[in-house]
Amino acid sequence: MKKILVRKNAYYDSVFLMLATKALKQRPGIKEAVVAMGTEVNLGLLKEIGLLSGEAESAKPNDLLIAIEAETGEAVEEACRIAEEVLKKKSHGGGGQEDFRPVSLDGALKILPEANLVVISVPGRYAAREARQALNKGLHVMLFSDHVSVEEEVELKEMALERGLLMMGPDCGTAILNGKPLCFANVVRRGPIGLVAASGSGLQEVCCCIDRMGGGISQAIGTGGGDLQDQRVRGRMTLMGIEALKQDPETRVIVVLSKPPAEELAATVLSKLEDAGKLCVAHFLGRKPSGKRGSVRFSSNMEEAAAMAVALSRGEEYRPLCFSLSEAEVSGVAEAEAKRMASEQRYVRGLFAGGTLAIEAMALFEEEGFRILSNVRKEPGLALQSPHRSEGHAIVDMGDDVFTLGRPHPMIDPSLREERIATEAADPETALLLLDVVLGYGAHEDPCGALAESVSIAKGQVAGRGGYLSVIASITGTEKDFQNMAEQKKKLESAGCLVMPSNYQAAVLALHVMRKVALKWM
Amino acid sequence: MDVKKINELFSKELVVINMGLDSFADNLRKEEVKVLPMDWKPPAGGDKRLISLLDKL
């Protein structure tokens with residue numbers, strides 16, 4: 001039985017609709033359920049699954065579609081009724097406490113003329129237009145939306161430069177301004193360390209490490225990944241961010257974090273940092289540090305970038321990072337983990353929600369001679385044939401577009417990773433699962449609870465066939481995040497995960513275990 | 001490079017207009033940030049030709 005409803009001019013945001021779809025799909029008797037806006041992509045998707053007919057065929061992006069396929073007519077009707085109820089609740093203030101919500105930026109500015117920042121997370125094809133309007137009205141912009149063209153990014157950043165405004169993004173997932181976490185961000189202590197970063201999860205990791213080490217953040221400016229990666233954008237917002245931190249009296253240490261930019265651009269950024277007249281730390285992911293250049297220190301991993309910044313902010317010299325376990329402890333843990341594995345278990349499988357965290361782990365394993373396949377690698381022979389199936393040693397960025405088309409990001413909804421944990425556990429060659437968990441605003445309310453259950457089941461399965469599944473994880477978060485860091489950690493540990501204090505340390509421990517596993521094969 | 005306005009922002013309370021995901025506005029409120037969520041909808045019903053005409057006006 002099928003039913004398709006169209007609600008004209010009823011717009012809801014994508015995250016809400018994806019979560020509503022998921023809830024309906026889980027109901028008994030439901031074969032397929034889609035609650036989505038009538039965009040071209042969604043109409044195509046509905047057609048593919050045989051749920052596009054009648055009025056829905058001519059739906060517009062402003063029209064809401066509820067499409068249900070169930071075993072019985074009653075189940076269809078019940079699902080439609082629940083969907084309508086959830087949507088009604090949302091329209092009647094489920095998402096906010098204010099009476100009136102303006103439909104235009106002009107309208108919003110009439111109500112809130114003192115506004116100084118616009119956070120934009122609308123679908124990509126409309127995002128640049130909205131950002132342009134905001135900049136034209138003299139407002140700083142955080143553009144969370146992705147799928148904005150490079151040409152538009154350059155245009156927006158040029159506009160921002162001319163007007164002296166922040167243009168964070170597109171694809172800017174995290175920022176902390178004046179101590180306030182924006183979009184996906186953690187609650188951290190305020191202090192003298194200012195950051196400019198292209199990446200989302202990387203910036204969260206460094207901020208959380210700084211907080212754990214007792215340091216504090218003045219500002220954390222996100223630029224979006226394209227800023228230092230695309231030659232056409234030429235680091236416009238990174239350079240502007242550094243300049244703003246240079247002139248900010250609260251900031252004593254400046255940290256820049258990015259994937260390695262092209263040589264020429266890296267040199268421009270480093271010169272800018274040297275000219276800042278403040279102590280600086282640069283971390284270009286996956287690139288070996290080359291010591292010190294003037295006032296700029298280079299770190300070899302994200303936790304070290306945090307440790308260097310904290311030391312410098314206290315007027316101390318940086319002393320190499322201490323691992324939370326002694327060498328003997330690491331060796332003992334690695335030995336014990338590897339010893340329990342069955343003879344065919346030989347591969348590490350990294351399942352990551354944070355793209356930058358995945359890259360950091362990948363780089364560490366590669367430095368030690370492991371050949372790592374991944375869905376985010378383009379090099380011949382290193383790209384996974386299918387992102388949905390691991391081969392050999394593999395590290396998968398599950399936040400990549402291929403996984404998130406029509407589904408919430410794994411930081412919002414852990415189910416995508418739960419399914420993959422089960423798939424990896426079913427593979428007799430899987431020896432170790434390496435996981436990240438990101439807490440903070442934007443993220444799921446109990447990510448470790450959901451993952452711990454899947455890990456327990458996976459470990460039980462592997463044990464059932466005489467093996468042992470090693471699971472190592474790290475949690476990017478602070479004690480002030482609403483998910484409760486201590487409880488989250490406890491949940492993972494009680495499922496048998498080894499939880500390390502940073503992504504770097506989790507990857508290093510995993511590396512030691514895998515070295516022991518490799519020895520068994522020699 | 002003129003960053004005076006950015007440094008002014010650093011010394012003020014954030015006042016935010018949120019356009020898009022409601023949860024971002026909800027979270028800012030929990031952090032006691034003054035925030036106004038918009039009732040955002042695709043302009044001109046998402047019709048690309050109409051949007052481009054609107055922009056020319």
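**View 1. Packing of helix 12 against helix 18 in chain A of the predicted model.** Helix 12 (residues 327-339) of chain A packs against helix 18 (residues 503-521) of chain A at an angle of about 50°, and their axes are 8 Å apart. Helices (H or I, at least four residues) and strands (E, at least two) are DSSP runs, numbered from the N terminus. Axes are lines fitted to C-alpha atoms, for helices over the stretch in contact, and angles run from 0 to 180 degrees between N-to-C directions. Helix 12 of chain A and helix 18 of chain A are therefore oblique to each other; angles under 35 degrees count as roughly parallel, over 145 as roughly antiparallel, 65 to 115 as roughly perpendicular and the rest as oblique. Helix 12 of chain A passes helix 18 of chain A in a right-handed crossing (a crossing is left-handed if the near helix is turned anticlockwise from the far one by less than a right angle, and right-handed if clockwise). Helix 12 of chain A contributes A:V330, A:V333, A:A334, A:E335, A:E337 and A:A338 to the contact, and helix 18 of chain A contributes A:L509, A:H512, A:V513, A:R515, A:K516, A:V517 and A:K520. Residues are in contact if their C-beta atoms, placed from the backbone, lie within 7 Å. By class, the residues of this contact of helix 12 of chain A with helix 18 of chain A are 7 nonpolar, 1 polar and 5 charged (Ala, Val, Leu, Ile, Met, Phe, Trp, Tyr, Cys and Pro count as nonpolar, Asp, Glu, Lys and Arg as charged, and the others, Gly among them, as polar).

Residues are numbered from 1 along each chain as its sequence is written, while chains are lettered from A and ligands numbered from 1 in the order in which they are written. The model is predicted: local features need pLDDT of at least 70, side-chain atom pairs count only at pLDDT 80 or more, and totals for chains, interfaces and linings use all residues.

**View 2. Packing of helix 7 against helix 11 in chain A.** The axes of helix 7 (residues 201-212) of chain A and helix 11 (residues 302-313) of chain A are 8 Å apart, and the two helices pack at an angle of about 45°. Helix 7 of chain A is therefore oblique to helix 11 of chain A. The crossing of helix 7 of chain A past helix 11 of chain A is right-handed. From helix 7 of chain A, A:G202, A:E205, A:V206, A:C209 and A:I210 meet A:M302, A:E303, A:A305, A:A306, A:A309 and A:V310 of helix 11 of chain A. The contact of helix 7 of chain A with helix 11 of chain A has 8 nonpolar, 1 polar and 2 charged residues.

View 3. Five strands form an open sheet with parallel pairing, in the order 6(A)-5(A)-4(A)-1(B)-2(B). Two strands pair if DSSP finds at least two bridges between them. Strand 6 (167-168) of chain A and strand 2 (34-37) of chain B stand at the edges, each with a single partner strand, so one side of each is left without a neighbour in the sheet. Helix 5 (residues 124-136) of chain A packs on the sheet, where it touches strand 4 (117-120), strand 5 (140-143) and strand 6 of chain A together with strand 1 of chain B. Strand 4 of chain A and strand 1 of chain B run parallel and are joined by 4 bridges, and A:V118 stands opposite B:I17. Within chain B, 4 bridges join strand 1 (residues 15-19) to strand 2, which run parallel; B:V15 stands opposite B:K34. Helix 2 (residues 22-30) of chain B lies across strand 4 of chain A together with strand 1 and strand 2 of chain B, at about 160° to strand 2 of chain B.

**View 4. The contact between chain B and chain A.** This contact takes 37 residues from chain B and 45 residues from chain A. On the side of chain B that touches chain A, helix 2 of chain B gives the most, with 7 residues. The residues of that side of chain B divide into 21 nonpolar, 7 polar and 9 charged.

**View 5. The antiparallel sheet of chain A.** An open sheet of 3 strands in chain A has the order 1-3-2 and antiparallel pairing. Strand 1 (2-7) and strand 2 (30-37) of chain A are its edge strands, each pairing on one side only. Strand 2 of chain A and strand 3 (residues 64-70) of chain A run antiparallel and are joined by 7 bridges; A:I68 in strand 3 of chain A is the bridge partner of A:A33.

Definitions and conventions:
Two residues are in contact if their C-beta atoms, placed from the backbone, lie within 7 Å.
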